[in-house]
Amino acid sequence: MNSPPHTRLFFWCVLKDIIPTGDHLTRRSIYGPSWCSLCKAASETTVHLFLQCPATCTLWNNISAHIIFSRNWRGDDITSAWTYWNRCHPGSNLLNLPLVVTWHIWLARNRYIFNDQAVCSPRTEENIIAAYQELPDPPPSRPRTIQPPPVIDKSHPWAFFDGAANQNGCGGGFVLHVNDHHKYLVKMGFGRGSNNHAELLAIRNLMHFSLDHQYTNLNIFRDSMTVVNWINNATICHSHTLSNILYDAHTLKAAFNHFSCLHIYREHNSEADKLSKEASLLSRGEWLIVEVQGPDEYRYYHRPYIDQREQWGNSPDIRQ
Ligand SMILES: [Zn+2]
């Protein structure tokens with residue numbers, strides 16, 4: 001599970017049925033609304049609020065238009081719904097979805113009770129989808145059979161990229177191959193942010209870097225299906241923060257004569273993966289670049305901190 005700790009703790013309380021829903025408060029003679037804030041047609045219990053309420057069912061239906069899952073959130077009680085969901089989505093990021101939805105339903109319920117705000121508005125849906133999409137990719141669950149490496153058309157430059165977010169911060173890395181003998185290894189510090197944030201900054205900066213060096217034909221490879229689908233417009237990104245970076249990347253695509261972004265298996269992206277993890281130690285806006293031309297010819301560039309919001313669009317001003 002890679003959803004934030006507060007959603008995991010809250011969901012554990014939901015499973016144990018120890019959150020202060022109306023039925024619990026009534027039993028303890030504590031004044032409060034005993035009806036469900038979402039539908040106002042039933043008493044508020046954990047099972048009703050998070051599983052059976054018509055408003056909760058509508059919310060799940062609306063989310064399914066944006067996030068694909070194979071089986072619905074259903075059952076006689078939360079534990080059986082959770083067991084069923086686990087069985088249907090083993091080892092995937094979808095395991096986090098009930099945690100995110102449950103947490104946001106609770107927030108919406110509290111906003112209604114304490115701040116008199118509408119519940120289950122489109123805003124709640126958007127918050128859920130954005131929170132889910134900003135989760136980091138799940139760790140590999142089990143060793144897979146070895147996959148064949150990608151077939152690379154070496155008549156154009158090609159590149160691999162990756163993003164990493166950890167306790168140090170977040171960073172991105174890419175390897176841009178001009179040909180078999182000439183390549184750039186780039187590490188970029190991004191400050192704080194989610195994994196998808198780092199991924200999108202990495203590909204956007206790779207596109208800038210490539211165009212700045214007059215490489216207008218480019219094939220890119222990445223092992224995150226989410227980001228590849230966003231870049232190819234196969235799925236829509238609902239996070240406002242990420243959408244802005246994605247918009248830049250889509251605009252940059254138009255400047256290429258040829259551009260492709262394809263999915264590869266994780267084991268074939270190890271060089272960019274290593275660069276991005278090392279990049280998470282850099283300061284925000286700091287770049288380290290190694291240009292390799294032949295077996296013994298290396299050139300190192302270091303670009304110190306520059307605020308990316310102000311300078312992007314320009315050449316990365318590399319200096320020896
Ligand atoms: Zn209800």
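Where is the place of Asn233? I found Asn233 in the loop between α9 (225-231) and α10. Helices (H or I, at least four residues) and strands (E, at least two) are DSSP runs, numbered from the N terminus.

**Basis**

I am working from a predicted model, in which local features need pLDDT of at least 70, side-chain atom pairs count only at pLDDT 80 or more, and totals for chains, interfaces and linings use all residues. Residues are numbered from 1 along each chain as its sequence is written.

I looked up phi at Asn233 and noted a positive value of about 60°, although Asn233 is not a glycine. Most residues other than glycine have a negative phi. Asn233 counts as exposed because it has 10 other C-beta atoms within 10 Å. For this term, a residue is buried if 20 or more other C-beta atoms lie within 10 Å of its own, exposed if 12 or fewer, and partly exposed in between, with C-beta atoms placed from the backbone.

I then turned to Lys40, which is not a glycine either and has a positive phi of about 55°. Lys40 sits in the loop between α2 (22-27) and α3 (46-52). Lys40 has 12 C-beta neighbours inside 10 Å and so counts as exposed.

**Entry: the chain as a whole**

I noted twelve helices and seven strands in the protein chain. Of its 320 residues, 35% are buried. Among contacts in the protein chain with a separation of 6 or more, 66% are between residues 24 or more positions apart. Two residues are in contact if their C-beta atoms, placed from the backbone, lie within 7 Å.

**Entry: the sheet**

In what order do the seven strands of the open sheet stand? I read the order as β5-β4-β1-β2-β3-β6-β7, with mixed pairing. β5 (258-263) and β7 (298-303) are at the edges, each with a single partner strand, so one side of each has no neighbour in the sheet. The twist averages 15° from one strand to the next. Two strands pair if DSSP finds at least two bridges between them.

- Strand β4 (residues 217-222) pairs with β5 in the parallel sense over six bridges, and Asn217 has His258 in β5 as its bridge partner.
- β3 and strand β6 (residues 287-293) run antiparallel and are joined by seven bridges; the bridge partner of Met188 in β6 is Trp287.
- β6 pairs with β7 in the antiparallel sense over six bridges, with His302 in β7 as the bridge partner of Leu288.

β6 and β7 form a hairpin that has four residues between the strands. In the turn, Gly294 has a positive phi of about 90°.

Axes are lines fitted to C-alpha atoms, for helices over the stretch in contact, and angles run from 0 to 180 degrees between N-to-C directions.

At what angle do α8 and α10 pack? Helix α8 (residues 195-212) packs with helix α10 (residues 240-253) at an angle of about 25°, and their axes are 9 Å apart. That angle makes α8 roughly parallel to α10. Angles under 35 degrees count as roughly parallel, over 145 as roughly antiparallel, 65 to 115 as roughly perpendicular and the rest as oblique.

The residues of α8 in this contact include Leu200, Ile203, Met207 and Leu211, and those of α10 include Leu242, Ile245, Ala249 and Leu252. By class, I recorded ten nonpolar, four polar and two charged residues in the contact of α8 with α10. Ala, Val, Leu, Ile, Met, Phe, Trp, Tyr, Cys and Pro count as nonpolar, Asp, Glu, Lys and Arg as charged, and the others, Gly among them, as polar.

Asn244 is also in helix α10. Asn244 counts as exposed because it has 11 C-beta neighbours inside 10 Å.

**Entry: α6 and α7**

I ended with helix α6 (residues 97-115) and helix α7 (residues 122-133), which pack at an angle of about 145° with their axes 10 Å apart. The contact includes Val100, Val101 and Ala108 of α6, and Ile128 and Tyr132 of α7. By class, the contact of α6 with α7 has seven nonpolar, three polar and no charged residues.
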